[in-house]
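This briefing is for a reader new to the structure shown below.

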Amino acid sequence: MIKNKLIIMKMNKLSIFSVALLASAFASQAQDINQAKKAIDAEQFESAKSILKSIIKTKPSNGAAYYTLGNVYLIQAIEDSAKIYFQNGLNASEEAKLNYIGLGQMDLDINDVTGAQAKFALATKDMRKKDFQEYVYVARAYMNAKRPDYKSAIAILSRAAINNSQDAQVQLALGDAYYGDGKQNEAYVAYRNAFQADNTLLRAKMQLGVLLKGAKSYDEALKAYNEVIAINPNYGPVYRELAETYYKIARNKPSQAAANYKTAMGYYDKYMSLTDYSIHSRMRRADFLILVEDYVALEAEANKMIELDKVNPRIYRYLGYAAYKNGNVDVAITSLESFINAPGNKAIALDYLYLGLTKIKKGTSADGLSIDPSAFSAGLVDVKKAIEMEPLAVQDLSEVGKQLFTQKLYNEAAAIFEFGANTKESTSFLDDNVYYGLANYYANINKGKDVKVDVVALQKADAAFEKVLVASPTYLEAYLYRARTNRLLEKDDVMVKNYEDYVAKVTELGAEELAKPAVKAKVIESYNNMAASFANTDKAKAIEYFKKTLAIDPANNYATESIKILK
């Protein structure tokens with residue numbers, strides 16, 4: 001009997017020990033998942049992947065680990081690996097249904113909304129009344145998709161908040177959804193509630209600074225970020241936000257841009273030191289180097305990335321951009337063509353723009369005074385392709401056109417400016433039309449007597465100057481250049497009208513303006529050319545205009561001699 005009692009006691013102890021061991025194992029497992037989530041929040045993705053792979057190896061039944069790991073791969077845009085882990089996770093015995101959410105996001109990425117909703121339904125069908133985690137994950141799938149749907153995310157999170165309004169993760173996700181939907185006030189409240197619910201949730205507090213940055217309250221944003229650093233100086237993402245805020249400050253204060261760009265890069269390097277220096281974090285840094293226009297550093301970074309991953313085509317985009325900006329034309333052309341032609345790559349307008357401009361640069365002579373016509377034509381094909389993809393890419397062409405104009409390559413400058421001159425939405429629309437008109441005009445004034453002017457080009461010049469006057473009626477030089485252009489076109493009636501308009505407008509500015517030597521010379525030009533146009537048809541009118549010239553410049557030989565001939 002005693003023996004039996006001892007056996008029972010031993011069995012009870014064993015059961016208690018087994019339950020305790022099992023609870024300990026679950027706690028350890030949960031702790032590991034939480035460690036992975038903290039690494040993801042800190043944007044230490046390689047570390048998170050290592051933790052999650054270790055969990056899956058130790059306990060392949062853990063469906064949440066597969067789902068979380070798949071999400072990391074989605075963040076890094078490695079869809080093939082993400083899909084493998086989501087599909088394998090469906091075979092897990094615990095929380096397997098979460099993986100439907102990951103696969104649902106992948107459906108959203110290819111615009112298969114019906115497929116995604118079916119998978120989300122599978123993930124949420126057995127939820128109990130108090131459950132909410134699945135709703136948060138589905139909402140994030142909608143937010144993280146390539147075409148984010150913030151309204152759907154808000155609707156789902158509102159369901160999660162019914163019984164869990166004080167949960168920090170629900171409020172953080174609501175903050176992100178409201179922020180994405182442009183509802184700044186609601187986002188602020190949600191982020192504040194998230195941090196109040198869990199004061200270790202630094203991302204929520206950091207996002208309050210992000211809202212201030214978006215409102216251009218940069219000083220307040222910096223203050224908010226520094227409050228995060230005071231809590232945890234090793235929280236990496238806050239340094240990235242600091243870097244991006246200083247970039248915004250630099251863009252808004254051009255006179256202090258260099259110093260603020262330097263500060264921005266310092267914070268970005270700090271962010272990198274607190275992440276993992278993986279190929280993906282290096283790519284993110286490369287994106288930032290493009291923003292701050294540090295192409296020397298970008299080329300060095302791209303070459304480092306090639307050493308780490310020789311087959312990743314995105315690296316060749318960075319190398320192509322940097323090489324173009326640094327004048328390494330052969331490297332730029334090879335790199336950009338490698339990127340554009342790689343299967344599966346989605347080229348953007350800037351890829352074609354830089355490729356086209358590099359081809360033009362390669363065809364330019366060492367002294368910059370001529371361009372090989374075939375190289376220019378080939379480059380122009382790519383430039384046109386870029387503008388078809390993104391019309392506002394014309395804004396990046398303005399400086400290129402001005403450089404060609406300075407080099408007196410007027411035909412080539414006109415070809416470049418033509419894109420912007422026909423894009424009303426461009427911020428350089430007025431400037432581009434001025435230069436487009438001037439380039440076409442100057443391309444025709446230096447032709448020899450036996451060479452006919454390009455009538456079409458001059459008509460385009462006239463139309464460009466007319467656009468300038470519509471947009472900016474006070475730009476009086478446009479009247480003058482319209483007159484000069486129509487003189488070359490031998491449209492005397494239009495020329496006279498343009499000169500009359502110029503003289504009338506400049507006279508309205510008063511005697512002080514008329515007394516300026518440059519203005520005086522242009523008025524004389526106007527009177528003499530108008531007089532010359534009437535010389536064969538209305539001698540009295542011609543003499544009248546020549547006399548106006550002599551009233552300003554009594555020693556004007558052309559007017560004096562012309563009057564003698566006319567009399």
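**Helix packing and burial**

Helices α21 and α23 cross in a left-handed way, meaning that the near helix is turned anticlockwise from the far one by less than a right angle (clockwise would be right-handed). The contact, defined as heavy atoms within 4.5 Å, is made by Ser 398, Lys 402 and Phe 405 of α21 and Asp 431, Asp 432, Tyr 435, Leu 438, Ala 439 and Tyr 442 of α23. This is a predicted model, in which local features need pLDDT of at least 70 and side-chain atom pairs count only at pLDDT 80 or more, while totals for chains, interfaces and linings use all residues. Residues are numbered from 1 along each chain as its sequence is written, and side-chain values use heavy atoms, with hydrogens and water left out.

**Helix α21 and its surroundings**

- The axes of α21 and α23 come within 11 Å and cross at roughly 25°; axes are lines fitted to C-alpha atoms, for helices over the stretch in contact, and angles run from 0 to 180 degrees between N-to-C directions.
- The two helices α21 and α23 are therefore roughly parallel (under 35 degrees; over 145 is roughly antiparallel, 65 to 115 roughly perpendicular and the rest oblique).
- Helix α21 spans residues 398-406, and its buried residues are Ser 398, Gly 401, Lys 402, Leu 404 and Phe 405; buried means under 20% relative accessible area, exposed over 50% and partly exposed in between, with a 1.4 Å probe and protein chains only.
- Seen down the axis of α21, these buried residues fall within an arc of 160°, so they line one face of the helix; the arc is that of the directions from the helix axis to the C-beta atoms.
- Glu 399 and Thr 406, on the other side of α21, are exposed.
- The cover over the buried residues of α21 includes α22 (410-421) and α23 (429-445).
- Helices here are DSSP runs (H or I, at least four residues), numbered from the N terminus.

**Helices α10 and α11**

- Helix α10 (residues 184-197) packs against helix α11 (residues 202-214) at an angle of about 155°, with the axes 8 Å apart.
- That angle makes α10 roughly antiparallel to α11, and their crossing is left-handed.
- Residues of α10 that meet α11 include Tyr 188, Tyr 191 and Phe 195, and those on the α11 side include Leu 202, Leu 208 and Leu 211.

**Core and buried residues**

- The largest nonpolar core has 177 residues, of which Ile 101, Leu 298 and Tyr 502 touch the most other members; such a core is a set of buried Ala, Val, Leu, Ile, Met, Phe, Trp, Tyr and Cys residues joined through side-chain atoms within 4.5 Å.
- Not counting residues up to four places away in sequence, Leu 298 touches Ala 286, Leu 289, Ile 290, Tyr 318, Tyr 321 and Ala 322.
- Leu 69 lies in helix α3 and counts as buried at 0% relative accessibility.
- Apart from neighbours within four places in sequence, Leu 69 is in contact with Lys 49, Leu 52, Lys 53, Ile 56 and Tyr 85.
- Asn 71 is also found in α3 (residues 63-75), and its 17% relative accessibility counts as buried.

- Most residues other than glycine have a negative phi.
- Glu 293, in the loop between α15 (279-291) and α16 (295-308), has a positive phi of about 60°.
- Glu 490 has a positive phi of about 60° and counts as exposed at 69% relative accessibility.
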